[in-house]
Amino acid sequence: MTKTLLQTLAIFAALALTNCAHNKNKAEKIDTKIENDEAIASGESLGVKNGNMVVQKKVMMNEEVRRLQYEVYELEDRVYGNRQYGSLGIYGVLKDCKSELSDPANGGDGKLKWTEPIERVTTKEDEFKIGLDDKAKLVGVSEEFLQDRITRFKGYRTVLQGREDELQTKLTICKSDLRSAKAKKN
């Protein structure tokens with residue numbers, strides 16, 4: 001083999017090892033041992049690690065992912081409502097306010113001026129690969145890398161928090177306009 005080919009192979013081998021070492025989806029061993037530890041709260045401890053005073057928070061990832069998902073689904077229901085439970089959400093309340101504001105009885109022209117798009121961000125339905133498991137049971141399986149799921153739900157939360165703030169501001173303005181319209185009428 002030529003020297004250039006050997007150097008190229010060495011570079012590819014080094015890159016492959018580097019990529020393996022930095023794969024965010026690989027489970028790695030984490031040193032959670034601290035000395036002189038005292039509990040602060042559930043999952044939080046105060047102690048000494050490598051001579052440094054530290055506060056360590058340790059969470060079980062199944063609980064952390066569940067908490068994040070519930071938080072996002074609850075936020076989406078608060079913003080856009082939930083058909084199953086008949087809640088309007090801020091979006092629905094704003095739409096009702098705009099409708100009432102456009103009512104001729106409140107000085108409106110009877111035409112609903114509604115341009116707010118409903119922008120649901122989450123998909124609550126997983127796509128399953130259907131087949132037989134190792135016990136010959138018919139199952140559906142959906143897989144996603146843990147870090148990707150956490151990143152996805154944090155993104156959902158950011159979008160929904162912004163949308164919640166925006167719709168809440170518009171709702172406050174609409175309610176104020178409606179009070180003014182009703183006051184002018186009387």
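At 66% relative accessibility, Asn36 counts as exposed. Exposed means over 50% relative accessible area, buried means under 20%, and partly exposed lies in between (1.4 Å probe, protein chains only). This is a predicted model, in which local features need pLDDT of at least 70 and side-chain atom pairs count only at pLDDT 80 or more, while totals for chains, interfaces and linings use all residues. Residues are numbered from 1 along each chain as its sequence is written, and side-chain values use heavy atoms, with hydrogens and water left out.

Asn36 sits in strand 1 (residues 35–41). Strands (E, at least two residues) and helices (H or I, at least four) are DSSP runs, numbered from the N terminus. Asn36 is not a glycine, yet its phi is positive, about 50°. Most residues other than glycine have a negative phi. Ala136 also has a positive phi, near 60°. Look for Ala136 in the loop between strand 4 (129–132) and strand 5 (138–141). Ala136 is exposed, with a relative accessible area of 58%.

Now turn to the helices. Helix 3 (residues 89–102) packs on helix 4 (residues 146–185) at an angle of about 25°, and their axes are 9 Å apart. Axes are lines fitted to C-alpha atoms, for helices over the stretch in contact, and angles run from 0 to 180 degrees between N-to-C directions. The angle makes helix 3 roughly parallel to helix 4, a label for angles under 35 degrees.

Which residues meet? From helix 3 they include Ile90, Tyr91, Leu94 and Leu101. Their partners in helix 4 include Leu167, Leu171, Cys174 and Leu178. Contact means heavy atoms within 4.5 Å. The residues of this contact divide into 11 nonpolar, one polar and seven charged. Here Ala, Val, Leu, Ile, Met, Phe, Trp, Tyr, Cys and Pro count as nonpolar, Asp, Glu, Lys and Arg as charged, and the others, Gly among them, as polar.

The largest nonpolar core has 20 residues. Such a core is a set of buried Ala, Val, Leu, Ile, Met, Phe, Trp, Tyr and Cys residues joined through side-chain atoms within 4.5 Å. Helix 2 (61–80), helix 3 and helix 4 each supply at least two residues of this core. Its largest share, eight residues, comes from helix 4. Val72, Tyr80, Leu94, Phe153 and Leu167 have the most contacts inside the core. Leu167 touches Tyr80 and Leu94, among others.

Finish at Ser102 in helix 3. Ser102 is buried, with a relative accessible area of 10%. Among the residues Ser102 touches are Gly108, Asp109 and Leu112.

Technical notes: Angles under 35 degrees count as roughly parallel, over 145 as roughly antiparallel, 65 to 115 as roughly perpendicular and the rest as oblique. Lists of a residue's contacts leave out its neighbours within four places in sequence.
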